[in-house]
Amino acid sequence: MESKHIVGITETVLRDAHQSLMATRMPFSDMEPILPVLDQVGYASLECWGGATFDACIRFLNENPWERLRKIKKLAPNTPLQMLLRGQNLLGYRHYADDVVEKFVEKAAINGIDIFRIFDALNDFRNLQKSIEMVKKFGKEAQVAIAYTTSPIHTVEYYVELAKEIQAIGADSICVKDMAGVLTPGDGYRLVKAIKEQVTIPVIVHTHATSGLSQITLQKVVEAGADRVDTAISPLGEGTSQPATESLMISLEEAGYSTGLNKEKLEEVANYFRGLRDKYLQSGMIDPKMLMADPRALIYQVPGGMLSNMYSQLKQAGFESKYEEVLAEVPRVRKDLGYPPLVTPMSQMVGTQATMNVITGERYKMVSNEVKNYLVGKYGKSPVPVDDAFRRNIVGDATVIHHRPADDLAAEFDQLTEEIGELSKNDEDTLIYALFPEVGKNFLKNYYQPEPEVVRIKAYL
């Protein structure tokens with residue numbers, strides 16, 4: 001058998017796997033025992049931070065996200081640690097001033113992040129400039145992601161142009177980020193082959209098993225020349241998560257590729273997480289539905305996490321009977337808004353708007369402030385220009401901006417430090433407050449002024 005290229009494997013169990021299956025609720029105590037073993041498997045990187053982990057740590061788990069990162073680095077010092085960063089949005093839900101972005105990247109780099117996967121929901125690379133500049137300043141890998149989606153304008157040629165632009169702006173690697181699991185094997189092969197013909201930096205592919213095609217898709221993108229792929233250890237793989245690490249490794253190695261993974265250590269990792277999966281299923285933290293493929297993702301272009309969120313919100317409001325109507329409305333809203341990829345924060349904005357359109361019985365009778373801000377350019381440039389008459393119908397004669405949105409933001413880090421006052425003992429604390437003001441403030445109060453044990457015990461009785 002001819003010798004083929006080495007394929008790097010990024011393990012997502014510490015971030016995207018549990019974010020996709022159980023809303024990012026894995027506490028550090030469940031990761032801690034297995035980290036030294038994960039460090040010996042031979043992964044290209046461990047994705048362990050960013051995305052929704054920062055929010056979940058302070059909102060639900062009462063953990064300091066910075067402390068979590070330091071502990072992971074200490075227990076897994078030999079494998080590059082990777083995070084997901086939303087460009088000028090960082091890990092929050094608005095654009096932050098450049099000085100906050102600078103400070104955040106600096107602290108993440110110092111505390112242990114080696115690979116920053118940076119993306120913008122609209123693929124507007126002006127929103128990534130500052131992050132990339134800072135990652136490079138600290139000598140870390142700036143991996144710029146293309147938010148992958150399908151629409152009449154999202155062609156192979158469109159993505160190849162984006163890839164060339166990513167290389168030109170100084171990225172160290174490119175990630176094709178398919179957050180909805182809609183990248184099919186044929187499209188994946190054609191796309192990666194075309195990108196590899198035009199760029200010299202490594203190409204990584206990230207997908208989800210949502211539609212049931214991901215194992216085949218990753219096999220095909222590797223055949224097309226992908227340098228690295230993302231997988232999740234089998235007990236927390238598949239469904240709305242990533243394809244299973246062990247299965248893909250066997251499939252790739254059988255085809256003559258080398259992954260560099262240690263099979264015995266991998267089995268040790270899988271055994272450990274099997275026990276955790278049983279615990280999560282019994283406690284209800286993982287809904288069995290999340291473990292099943294749903295090919296509707298290919299029709300509605302809706303990420304798995306968005307599907308489950310929309311359904312639970314409709315159910316809580318007593319409108320679960322409208323679920324199919326809302327699903328059918330999502331592609332229409334997306335078209336109206338210029339075909340944005342359905343990734344945070346656009347997935348929330350499109351999903352909420354589709355829900356309001358159906359529940360009120362009149363399209364765009366109610367429109368969120370976020371959608372209004374999007375229509376005047378405050379999130380960046382839409383992939384396709386939005387129809388002027390549609391825009392005016394919602395925002396009237398409001399001025400539309402065409403420059404980098406962050407250019408309108410004044411420096412704010414010092415002001416945020418002053419606002420939070422004594423609760424901030426260092427820059428990391430200020431960043432917690434900057435990203436999530438209310439939740440961050442409450443977290444810091446409890447972190448530095450914990451309730452007496454007696455009070456806590458009483459609360460449980």
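Colleague: How many positive and negative side chains has the chain, and how far apart do the centres of the two sets lie?

Modeller: There are 51 positive and 62 negative side chains, and the centres of the two sets lie 2 Å apart. Lys and Arg count as positive and Asp and Glu as negative, while His and the chain ends are not counted. Each charge is placed at NZ of Lys, CZ of Arg, CG of Asp or CD of Glu. This is a predicted model, in which local features need pLDDT of at least 70 and side-chain atom pairs count only at pLDDT 80 or more, whereas totals for chains, interfaces and linings use all residues. Residues are numbered from 1 along each chain as its sequence is written, and side-chain values use heavy atoms, with hydrogens and water left out.

Colleague: What makes the radius of gyration agree with that of a compact globule?

Modeller: The radius is taken over C-alpha atoms, and the globule rule is 2.2 Å times the number of residues to the power 0.38. For 461 residues a compact globule would have a radius near 23 Å; the chain has 22 Å, which agrees. The C-alpha trace spans about 65 × 60 × 50 Å along its principal axes.

Colleague: Why is F54 called buried?

Modeller: Buried means under 20% relative accessible area, exposed over 50%, and partly exposed in between, with a 1.4 Å probe and protein chains only. F54 has a relative accessible area of 0%, and is therefore buried. W66, also at 0%, counts as buried, as does F104 at 0%. Buried residues make up 56% of the 461 residues in the chain.

Colleague: Why is the pair of F54 and W66 called edge-to-face?

Modeller: Rings of Phe, Tyr and Trp (its six-membered ring) pair if their centres lie within 6.5 Å; planes under 30 degrees apart count as stacked, over 60 as edge-to-face and the rest as tilted. A search of the whole structure finds 14 aromatic pairs. In the pair of F54 and W66 the centres are 5.7 Å apart and the planes make 85 degrees, hence edge-to-face. F54 belongs to helix α4 (residues 53-61) and W66 to helix α5 (residues 65-75), twelve residues apart.

Colleague: What makes the pair of W66 and F104 tilted?

Modeller: W66 and F104 are 5.4 Å apart centre to centre, with 55 degrees between the planes, and the pair is tilted. W66 lies in helix α5 and F104 in helix α6 (residues 98-111), so the pair ties together parts 38 residues apart in sequence. Ring pairs link W49, F54, W66, Y93, F104 and F436 into a cluster.

Key. Helix = DSSP H or I, 4+ residues; strand = E, 2+ residues; numbered from the N terminus.
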